[in-house]
Amino acid sequence: MAGLLPVAATPANAAVPGLVGTHGHDHRHHHGQGNGHGHGHGHRHGEARYESHRGENVSSEDVSSEDVSAPEAGGDEDCTTSTLSPELVAKLDAAVQQTMTQTGVPGVSVGIWLPGQGRYVKSFGVADKKTGAPMTVDLYSRIGSETKTFTATALLELVDDGLVGLDDPISAYVSGVPNGDNITLRNLAEMRSGLFPYSADPDFVTALESDPTKPFTPEQLLAYGYKHPNLSGPGVQFLYNNSNYILLGLVVEKVSGIPLAEFIHDRVTGPSGLDHTLFPKGAEFPSPHAHGYTNQTLTGETVDATDWNPSWGWAAGAMISTLDDLKRWAKIVATGELLSPETQAQRTKFLPTTLPGAGYGLGLFDIQGWVGHNGSLPGYESLTLYMPETGATLVVLLNTDILTQGNEPSTLFGKALTSIVTPDNVFFIPAVK
């Protein structure tokens, strides 16, 4: 995401201007520009890179949810068994195809559920540019920073268990954190710790891009950020930062006594019925899945990043899911089904960012009434949104993270679709400058 934090507030490459990072955990930056995109992992090499596959024939494979998705997905009986009106479907089809042409995205799957009106679940384009295999709505996808919603939920369950407090200092659980005696778990979860993001460190960028199959440990990731002075005191400003969620993952492991992936399975995805959502140990990727394409490379060349190791994102960005699971998760996380009302109220205290109409809580954002998160890592982007006021749900999965004029492709799809289904609540995050 882009644009919620004044660029001047961060040093060159420091990470996410604004909600930027909400989507991701990159650390990409444009050559010749001082300020980094801040949430990817790689250098951005200019517009020419992502013009490369625009002109390709974008096919549309219209897959109805009744044909492919589990009928019980999401459990909203009033909108899972009927489709939206033909007029609305035609508008959505046109918006998706226009956005694909604009962005050059190879393939995209879209799910929209509107209580009382119906649902729209379709895939467009290709899952594999070499073979031309079509994108389908049942594919697994890497979900990047949507992982943060699961890590934050795990932490908040420990709050409900009485085992941790949101206002505990991180130093009570993890040693060696700069200013750790004064940075609280709440500061970390709401992206106001003041720590320097490891993904903005040039040495990390080089290490990752030199060997994207390389595994990283949480401690190795944090060390890249610790080389730099903190950017502010805790609670002073919003700065999207993957280091915050690496630390929260370590807290969950220390307090629970089990690996983060196991805790999330046992306490978060399992109870939620998310049978196709997982936290991989390495680069493993269940089939079927789409191939993902990125230009976050040393040369700026667009490559297939399907089997890159997501351990560099760990608790901030390593998870995998599907359209149906994210549909179910959208409501669970936005309404607090796994948490006490008191803890969910803490989670949904959306503090202001620098973008009007957008706030960030504890591993969740609220943008124009849409509550959720986005995700981006090389080759993949995702967007999962729920509107508590109406019960509407939107999920987008796509197989590239290549920017279009500074915009995340997931943001452009979110804007195009919400402009049609909720014209008074249009999702948008400004382009990276």
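Against which helices and strand do the buried residues of H10 pack? In this predicted model, they pack against helices H6 (147-160), H7 (185-189), H9 (218-226), H11 (260-269) and H12 (314-317), and against strand E10 (358-360).

## Overall architecture

The chain contains 15 helices and 14 strands. Of its 433 residues, 62% count as buried. Among contacts with a separation of 6 or more, 68% are made by residues 24 or more positions apart. The accessible surface of the chain amounts to about 14400 Å², and carbon and sulfur atoms contribute 52% of that area.

## The nonpolar core

The largest nonpolar core has 102 residues. Within this core, Val96, Val108, Ile112, Tyr120, Ile170 and Leu185 touch the most other members. For Val96, leaving aside residues up to four places away in sequence, the residues touched are Val108, Val110, Tyr120, Phe124, Phe413 and Leu417.

## Helix H10

Helix H10 covers residues 242-256, 15 residues in total, and its first and last C-alpha atoms are 21 Å apart, close to the 21 Å expected at 1.5 Å a residue. The helix is mostly covered, with 11 of its 15 residues buried. These buried residues are Asn242, Ser243, Asn244, Tyr245, Ile246, Leu247, Leu248, Gly249, Leu250, Val251 and Val252.

Both ends of H10 have a local feature to note. At the start, a side-chain oxygen of Asn241 comes to within 2.7 Å of the backbone nitrogen of Ser243. Just after the helix, Gly257 adopts a positive phi of about 80 degrees.

Strand E13 (residues 380-387) is mostly covered, and 8 of its 8 residues are buried. In a regular strand, side chains alternate between the two faces of the sheet. In E13 both faces are covered: Tyr380, Ser382, Thr384 and Tyr386 are buried on one side, and Glu381, Leu383, Leu385 and Met387 are buried on the other.

E13 pairs in the antiparallel sense with strand E12 (residues 370-377) over 7 bridges; Gly372 has Leu385 of E13 as its bridge partner. The two strands form a hairpin with 2 residues between them, and Gly379 in that turn has a positive phi of about 105 degrees.

E13 also pairs in the antiparallel sense with strand E14 (residues 392-398), over 7 bridges. Here the bridge partner of Leu383 is Val396 in E14. The hairpin formed by E13 and E14 has 4 residues between the strands, and Gly391 in the turn takes a positive phi of about 80 degrees.

Definitions and conventions. Residues numbered from 1 in each chain as written. Predicted model: local features only at pLDDT ≥ 70, side-chain atom pairs only at ≥ 80, totals over all residues. Heavy atoms only, no water. Expected span 1.5 Å × (residues − 1). Buried < 20%, exposed > 50% of the residue type's maximum accessible area, 1.4 Å probe, protein only. Contact = heavy atoms within 4.5 Å. Polar contact = N/O pair within 3.5 Å; in protein donor to acceptor, adjacent residues only side chain to side chain. Areas by Shrake-Rupley, 256 points an atom, 1.4 Å probe, with all protein chains shown as cover. Core = buried A, V, L, I, M, F, W, Y, C linked by side-chain atoms within 4.5 Å. Pairing = 2+ DSSP bridges.
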